[in-house]
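Here are my notes on the structure. Please read them with the model open.

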Amino acid sequence: MRRVLRDKIIQVCNKKIAQKGEEVGVSFYAFFANKNDDPALLMEAATWWIQIHKLDHFEKAVRILALVEAEQEDIKGFC
């Protein structure tokens with residue numbers, strides 16, 4: 001996952017959790033504007049969400065945040 005997508009997911013999840021609490025759900029569309037201005041990045045998010053992790057349409061933001069942060073730790077440990 002590109003850093004720009006990872007950073008956006010972390011930012012959006014943290015904001016939603018702060019606003020609505022730990023039970024708030026998100027879909028991968030939450031990380032994009034209403035218009036499809038970056039189809040490659042949208043497909044990357046969809047692939048990560050649907051094919052790699054087999055997530056439901058809506059998932060708790062805390063779960064998404066944990067997945068992204070765990071992958072980030074894996075990358076740091078690999079380097």
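1. Start just after α2, where Lys-54 takes a positive phi of about 50°. Helices here are DSSP runs of H or I with at least four residues, strands are runs of E with at least two, and both are numbered from the N terminus.

2. A word on the source. This is a predicted model; local features need pLDDT of at least 70, side-chain atom pairs count only at pLDDT 80 or more, and totals for chains, interfaces and linings use all residues. Residues are numbered from 1 along each chain as its sequence is written, and side-chain values use heavy atoms, with hydrogens and water left out.

3. Helix α2 covers residues 39-52, 14 residues in total. Its first and last C-alpha atoms lie 18 Å apart, close to the expected 20 Å. The expected span is 1.5 Å times one less than the number of residues. For the 18 residues of α1 that gives 26 Å, and its end C-alpha atoms are 26 Å apart, so the two values agree.

4. Which residues of α1 are buried? They are Leu-5, Arg-6, Ile-9, Ile-10, Val-12, Cys-13 and Ile-17. In α2 the buried residues include Leu-41, Leu-42, Ala-45, Ala-46, Trp-48 and Trp-49. Buried means under 20% relative accessible area, exposed over 50%, and partly exposed in between (1.4 Å probe, protein chains only).

5. The largest nonpolar core has 22 residues. Cys-13, Phe-31, Trp-49 and Ile-64 have the most contacts inside it. Helices α1 (3-20), α2 and α3 (61-78) each give two or more residues to this core. Such a core is a set of buried Ala, Val, Leu, Ile, Met, Phe, Trp, Tyr and Cys residues joined through side-chain atoms within 4.5 Å.

6. Look at Phe-31. Leaving out residues up to four places away in sequence, Phe-31 touches Lys-8, Ile-9, Val-12, Cys-13, Val-26, Trp-49 and Ile-64. Contact means heavy atoms within 4.5 Å.

7. There are four aromatic pairs. Phe-31 and Trp-49 form a tilted one, 6.3 Å centre to centre with 55° between the planes. The pair links distant parts of the chain, 18 residues apart: Phe-31 sits in the loop between β1 and α2, Trp-49 in helix α2. Rings of Phe, Tyr and Trp (its six-membered ring) pair if their centres lie within 6.5 Å; planes under 30 degrees apart count as stacked, over 60 as edge-to-face and the rest as tilted.

8. Ser-27 lies in the loop between β1 (25-26) and α2. Ser-27 counts as buried because its relative accessibility is 7%. Beyond its neighbours within four places in sequence, Ser-27 is in contact with Trp-49, His-57 and Phe-58.
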